[in-house]
Amino acid sequence: MTSIDNDPLFTSLCNEKTLQSQKEGFFNEFYHSVAENFTGKSARWLAEVYQKVTTDAGRLRLIYEDPVVAYDVQGTLEHVEPVFRAKDAKFSWQRREQALKLLGENKLQQALIMACQAVMRAPGQGVDRYIDKGLTLALAQWTRAEVFIRMLDGKRALQDLQLASKCGLPVKQNADYYARVAKCYALSDEMGRAEVATKLFHQLSGHNDYALTRLKEDMEDLRVLKQETPSVEVARALPKLAGEGESTEITGASTKIKLAGSKEDPRGRYVVAAADLGPGEVILTEQAYAACLYPKYFGTHCNACFSRLIAPVACPDCCGIAFCSVTCRDKACATYHRFECQYLDLMIGSGMSILCHVALRIVTQAGTPQKVIAEGEMLRDTFCAHTEHRDPEDHFKRTLMTAFLLRCLQKAEFFGQRTTEAPEPNEQELQVGAVLLSALQSLQFNAHEVYETRITGEHRFDTAKVQYIGVGIYRGASMFNHECYPGVTRSFLGTSMILHTSRPIPAGALVPENYGPHFLRQPKPTRQRNLRSRYWFKCDCRACCEDWPQMDKLPAKPRLRCTTADCGNALSYPSKPSQRTAKCHKCKQQINLEANVKMLEASDQLCITGAEMMADERVDEAIELLKKGITLFAQVAVPPHKTAHVAEESLRSCFADKGNANRY
C-alpha cells in the first residue's frame, strides 16, 4: 500500500466514506467505545494480535472472543432491536379524507400525493378494526383508483381496484366497483372487457337504465379526453448486444469482447476487444448482482427495480420503502426485504454507507445461509479486495460493521430461530460473516453508482442532469480496467447496466471504462490522487502519460495520422495549406496530409450536425451522425481533439436518454 499511497490522510478519508456515510451515526460511537480498549496499555493490540490473524473469519471470531474487545462488542450488540416505521390506520384515514377533498377541488396531483400516503401508511386487512372496520388499505386503494381515473390512467386505476378487492373490499354486489372497472377498461381501449363490466354494473344496479346511460356517457368522455391527452410514458427495453449473442466468460457481455490477463498480472484480468469495435456498439447489458437505493429515494423510486414511483405499492409491514408493482413487492418480500424490513431504519441510523447495504443485500437476497456460503467463493474470485494492503484500523472497523450487520441478520432470523440470544456467532453464521466482511472490502473497488437522467425543463438535453439514485455490483462490468480516456459510455435501465462503445477500438486492444476521474473534467494531479486513494492504483493511461488538457484547453486542431501503412505516427496539423506535405520522422516518407485535412473537416461537420439533431431532439439521427463523425476522426487523426471529445460526450448523453430518464 505504501508504494502507491502518497496521501495517507486522503486515503483514510476515502476508505472511511466507503464504510460510513454519516459521522453522527451511532456506529461511530460503537467503534470508539471498542477502540478505547486498545489505545492505552493494549495500544499494540491491532498490530500484534488482530493483524496477525490471516483470515476474515478468524478476525471476525477474534472480536467476540479476545478479552481486550469482546466485552464491549458483545455488550453493544446485545441491544440490537427492530427499528422501523410501522403502519398507522388513523394517519391513513386522514390522508384519504384529504385526498377526497382535493379531488373535489379538481387538484389531481395533490390528491394523488395524499392518496399515495394513505396507501403507504394503511395497515393490512383486519389489523386495526377500530378504524374503517379493518379495511383502511382497501379504502385507500379505492380512493387512489378514483384519482387515477380522473387522471385518465386506467391501467393504474384498475390495479388499485383489484388490490382493493384482494384486501377485503366487498365487490360481489358493488355496482360502483364495476362502474369504475368499466371506466378503467375504456381508458385502456379494451372495449370488450368494458362491456362485460358495464353489464355487471347494470345488473347490480337493479337494471337502472338511467345510471347505465350516464356510465356510458362518462366512459365515452374519458376516452375522448384520453385521446386528446398526449402520452408521456415511453416503453424502454434493453438494447441488443453487438456480435453473435452473449459471451460465455463475461456475464451479460457481447461476443465481441473477451477477457485477458490473469490474477498474477499487475493489471489483473481485464477486457479487450475480440473483434474491431465501432462507436455506439452495445457490448454489455448486465442486470445488477445486487443493488440498493440511496435512502433519500426510498419515497420516489421502486426499492427493487429503481423505476420512478407513480402508484407505489407498500410493504405489508413497514412504511420505509415502496415498490412500483405487486410483482416487485412480492419478489422483494419473499427474499431480501423480509430480513431487512424491521432493521432498515436502524441500519440507516447507524451511519453505515450504501456499500454496507449492498454487502448486506448480497446476503439477504440469497435467502439462505447455505447459498451465501456457496456463492462466497465465487464473489471472492470475481471481486478484488486488496486485503493485504488494508490498514489494520480500517480493517477492524469493517470487521466491527460486519458484526453489527450479522447481529441484524441473527435478530431477523436469517439463520432461523436461534437457541441463544447471545450475539456470538456459531460456525455457519461466522462463514456468512466472512462473506460480508469480504464484500465490505471488495465493494470499495468494484461497485458502480446507478444513475438516471433528470430532466427539469421542456428540452430533454438542455435541462438534463445526472442524478445518482443507488449503487450496484456487476460481475461482468467489474472486469473492465480504468483509463482516464474511456472507450465506453455507461447508462442504466432500471438496475441493469448498459455499456456502449464511445469510440473505435481495434481487435486485441484494451476496452477501458472510467471509474470517475475523466481527463476532460479533472486535471492529472487530481485524477491521480483520487485513483490512488480511492482505488489504490497509479494510472498510466495515455491521457495521464501525455498529460492531456481539460475540456476548456483542448486543441482545436489535432495531430494527423501518417498515411503510410502500419506506421502509426502522428504529425502536427499544418498551420497553412502550403504546409500540408511533410516528412514523417518515423517512416521517413514524404506525406501528403491534404486528404486527412478534408476528412477531418468532414468529421467535424458530422459531429456539429449531430449536435444540431440533439438540439431538435432527434436522438436516433444524432446518434448515427455522431458515430460517423467519431469513426472518421479515428481514421485520420489522434486525440485529443475538442470536437471529437464533445461528440463522444454527446453520444453518452444520447444513450443515457434511452435509459433511466425522468422529468421532474
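Reader: In which loop does Leu241 lie, and is Leu241 buried or exposed?

Author: Leu241 is placed in the loop between α12 (209-228) and β1, where helices (H or I, at least four residues) and strands (E, at least two) are DSSP runs numbered from the N terminus. This is a predicted model, in which local features need pLDDT of at least 70 and side-chain atom pairs count only at pLDDT 80 or more, whereas totals for chains, interfaces and linings use all residues. Residues are numbered from 1 along each chain as its sequence is written, and side-chain values use heavy atoms, with hydrogens and water left out. On the scale where buried means under 20% relative accessible area, exposed over 50% and partly exposed in between (1.4 Å probe, protein chains only), Leu241 has 15% relative accessibility and therefore counts as buried.

Reader: Which residues is Leu241 in contact with, leaving aside its neighbours within four places in sequence?

Author: Contact here means heavy atoms within 4.5 Å. With neighbours within four places in sequence left aside, the contacts of Leu241 are Glu246, Gly252, Ala253, Ser254, Val282, Ile283, Leu284 and Thr285.

Reader: What distance separates the C-alpha atoms of Leu241 and Leu499?

Author: Leu241 and Leu499 stand 258 residues apart along the chain. In the model, the separation of their C-alpha atoms is 9.7 Å.

Reader: Which residue of β2 stands opposite Lys258?

Author: Strand β1 (residues 257-261) pairs with β2 in the antiparallel sense over five bridges, and two strands pair if DSSP finds at least two bridges between them. Strand β2 (residues 269-273) is largely enclosed by the rest of the structure, because four of its five residues are buried. The residue of β2 opposite Lys258 is Val272.

Reader: What is the strand order of the open sheet of three strands, and which residue is the bridge partner of Arg559 in β15?

Author: The order in this open sheet is β12-β11-β15, with antiparallel pairing. Strands β12 (570-571) and β15 (637-638) stand at the edges with a single partner strand each, so one side of each is left without a neighbour in the sheet. Two bridges join β11 (residues 559-561) to β15, and in β15 the bridge partner of Arg559 is Val638.

Reader: What is the relative accessible area of Leu152?

Author: Most residues other than glycine have a negative phi. Leu152 is buried, with a relative accessible area of 12%.
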